[in-house]
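Hi,

Here is the structure I said I would pass on. Have a look at it first, and then read my notes below.

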Amino acid sequence: LAYDLVKLYAERSRVKGYAFPPDTVWDEEFAQSFPFEETDDQLQAIAEVKADMEKDKVMDRLLIGDVGFGKTEVAFRAMFKAVNGGKQAALMAPTTVLAQQHYENFLERVGNFPVRVGHLSRFASPALQKKTLRGLRTGDIDVVIGTHRILSDDVKFKDLGFLVIDEEQRFGVNDKEKIKAFYPNIDVLALSATPIPRTLHMSLSGVRDISVIEEPPQDRREVQTF
């Protein structure tokens, strides 16, 4: 497994990625629809992710931040940029509840834009899943949000360009690398509040880039334990 992992990352380092175009008016409007004020760390992380996306080098970036510090908004803006740049995007969450939450929130955020969103999890109806699967193959679906279901053999993308792995520490190595193996030139953003040692080591050794959100949002308090 370790050999295959190193081989995969070596292959991704040689593959030429897709250079997304600079932000447009739509990207700015999407950012302005965020109902909260961004922290400096959050803005820095967004800038780092988008700078990676605009290079033709394949992105492998880890975003670390406590729960509620704004990692999801960084992912949402990157996903929107990917779609605006002509590619499909996917977000994979470890639980059906979290996947449903992301789906509803992203659907609300893109309500005024021509972005078509699909959902794949146990909470999605068979009709919606069938529509999503068909749309991913034909390109009629721009973004899919779901659980491990996204890794199923019947899920085929027409032109996947960006992948978000939320709470990446809760996925096994095989799960996290499966899509990368099928689509070696996609940009990947992993989110984690508590990254596992292997992930941290890969980031600190330079195999993956790393962004950190340490600044809490305004009026946010730390969790108190007794």
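Which strand does His-119 lie in? His-119 belongs to strand 3, which covers residues 117–120. Before I go further with that one, please keep in mind that this is a predicted model.

First, the overall picture. The protein has 226 residues, and 49% of them are buried. I count eight helices and seven strands in the protein. If you take the contacts between residues at least 6 apart in sequence, 79% of them join residues at least 24 apart. The accessible surface comes to about 11600 Å², with 53% of that belonging to carbon and sulfur atoms.

Back to His-119. With a relative accessible area of 1%, His-119 is buried, because anything under 20% counts as such. Leaving out residues up to four places away in sequence, His-119 touches Ala-99, Gln-100, Tyr-103, Ala-124, Leu-128, Gln-129, Thr-132, Ile-145 and Gly-146. There is another histidine to look at here: His-102 sits 17 residues from His-119 in sequence, and the two are 9.8 Å apart in space, C-alpha to C-alpha.

Ser-192 is also worth a click. Ser-192 is part of strand 6, residues 187–192. Is Ser-192 buried or exposed? Its relative accessible area is 1%, so Ser-192 is buried. Again not counting residues up to four places away in sequence, the residues that Ser-192 touches are Leu-62, Leu-63, Ile-64, Gly-65, Lys-71, Glu-168 and Gln-169.

Now for the helix packing, where helix 4 (residues 71–84) turns up in both pairs I looked at. Take helix 2 (residues 25–32) to begin with: the axes of helix 2 and helix 4 come within 10 Å and cross at roughly 155 degrees. An angle over 145 degrees counts as roughly antiparallel, so that is how helix 2 runs relative to helix 4. Their crossing is right-handed. On the helix 2 side, the contact uses Trp-26, Asp-27, Phe-30 and Ala-31, and these meet Phe-76, Arg-77, Phe-80, Lys-81 and Asn-84 in helix 4. By class, that contact has five nonpolar, one polar and three charged residues.

The second pair is helix 3 (residues 40–53) with helix 4. Here the axes come within 9 Å and the crossing angle is roughly 30 degrees. Since angles under 35 degrees count as roughly parallel, helix 3 is roughly parallel to helix 4. This crossing is right-handed too. Gln-42, Ala-45, Ile-46, Val-49, Lys-50 and Met-53 in helix 3 meet Glu-73, Val-74, Arg-77, Ala-78, Lys-81 and Ala-82 in helix 4. Those residues divide into seven nonpolar, one polar and four charged.

One last item concerns the backbone. What is the phi of Glu-167 near? The value is near 50 degrees, which is positive in a residue other than glycine. Glu-167 is in the loop between strand 5 (160–165) and helix 7 (173–182). Glu-167 is partly exposed, with a relative accessible area of 24%.

That's what I have so far.

Cheers

Definitions and conventions. Residues numbered from 1 in each chain as written. Predicted model: local features only at pLDDT ≥ 70, side-chain atom pairs only at ≥ 80, totals over all residues. Heavy atoms only, no water. Helix = DSSP H or I, 4+ residues; strand = E, 2+ residues; numbered from the N terminus. Buried < 20%, exposed > 50% of the residue type's maximum accessible area, 1.4 Å probe, protein only. Contact = heavy atoms within 4.5 Å. Axes fitted to C-alpha atoms, helices over the stretch in contact; angles between N-to-C directions. Parallel < 35°, antiparallel > 145°, perpendicular 65-115°, else oblique. Left-handed = near helix turned anticlockwise from the far one by under 90°. Nonpolar A, V, L, I, M, F, W, Y, C, P; charged D, E, K, R; others polar. Areas by Shrake-Rupley, 256 points an atom, 1.4 Å probe, with all protein chains shown as cover.
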